[in-house]
Amino acid sequence: MVINVKIENLSPGDIVAKDIVTKAGNEVAKAGSVLSDPLIKRLKFYGFESVAIEESESVELSELDPELAALISVSSPDAQISELVEEAKEEEEKEEKPAPTPPPKKAERPNETISYSNRLKAAPEYQDFQIGYSKALVTLEQTFIDIIEHDGKNYSRRALIDALEPLFSGKTSLDILTYIQNMQGNDDSVYAHSVNVALVSRAIGKWLKMGHDDLDDLTLAGLLHDIGKCNVPPEILNKAGKLTDEEFDLIKKHPLDGRKMLKQCPEMDSRYLNAALQHHERSDGTGYPRGLDDDEIDDFAAIVAIADVYDAMTATRVYRSAMSPFEVIAAFERDGLSKYRTGYILTFLKKMAEAYQNSLVLLSDGRRGRVIYTHKHHLSMPIVELPDKSLVDLVEHRDIHIVSIL
């Protein structure tokens, strides 16, 4: 039975009965898609008032083609089984009756396509986030000055949490990552980077199921981790070319300087000190300043290290453009798994890939599509569905990659 459900009454797990298409002809979700929180938010951003929903019917695996049943039972997440089942039904129906003649293709004009990013930036929630973000930067700058010049006489854990709370309260980890991604380029200061690392660290902590108090402390550890960079001249921090050995040695001092600055403050949590000192340490012993091994690195520092690298890679720099989340996942898969705490990095990459499930993406060959399936062992190389319904499995086309989320 198909019913129209108002957008505010939709729930994760509802099954879309009819293709959902914008007035400009852009497909937001196809019939048979399983609604998730991110997809429901996307529908709200596009201004849909209601959606045709159907009740899902259970289908025994024995009723399906054996090859498809094996695929479902071995590797498909629950959220994708319904899609595979619906596709199998559609294929059977196509075999029973001739395919209808497709309507003539409408030429797509560039100005007809309004990206999710533009929709997001026009949303009140995002604009509120921008305001809160700007206020947090001011509070953090004042805190850094107080710590450096007055030994943290006015330092207040509660004041910092209150300044950041509007940025994470009532928001999912995907909301936070999406907002940060769209804020990149607005401000590349140490303060903006520190706020981003604080929020990404909190998202990782939530994925690791940390308690509320630990989440707050992890957030502050991320917020204060780079205070030592205030001792590095801006012309070195923002240098476009390759650093000299002397310049890099100066930058490598910032973890030690940061710990020293924070230690002056009364009642500073030791985990904040460790995050400042150890966020460039690596589990394989290749980090600095002390070349610690995995079991010597503080838990908070190990999480902040991942958030720090993620934000650095997704930020625009004068010497390179920002990397997409899938390019970051690829970089970690290629070079970084042994450098980070195993349980933390695997959780982070898995949740990152899941967060962008069903997202519109731009491929390196110029084509656009939607992420419909993520490979467990190749998280950066999902299957992408193109507008003509054809599929591109990036595992089989390794010369193509995702360059941006649309």
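I began with a term: two strands pair if DSSP finds at least two bridges between them. Helices (H or I, at least four residues) and strands (E, at least two) are DSSP runs, numbered from the N terminus. I noted that this is a predicted model, where local features need pLDDT of at least 70, side-chain atom pairs count only at pLDDT 80 or more, and totals for chains, interfaces and linings use all residues. Residues are numbered from 1 along each chain as its sequence is written, and side-chain values use heavy atoms, with hydrogens and water left out.

**Entry: strand 6**

I looked up the partners of strand 6 (residues 360–363). Strand 10 (residues 402–405) pairs with strand 6 in the antiparallel sense over three bridges, and there isoleucine 405 is the bridge partner of valine 361. Strand 7 (residues 368–375) also runs antiparallel to strand 6, joined by three bridges. Here I found leucine 360 bridged to arginine 370. Four residues lie between strands 6 and 7 in their hairpin, and glycine 366 in the turn has a positive phi of about 95 degrees.

**Entry: helices 8 and 9**

Next I checked helix 8 (residues 190–207) and helix 9 (residues 212–224), whose axes come within 7 Å and cross at roughly 150 degrees. Axes are lines fitted to C-alpha atoms, for helices over the stretch in contact, and angles run from 0 to 180 degrees between N-to-C directions. Helix 8 and helix 9 are therefore roughly antiparallel (the word is used for angles over 145 degrees).

Note on methods
Angles under 35 degrees count as roughly parallel, over 145 as roughly antiparallel, 65 to 115 as roughly perpendicular and the rest as oblique.
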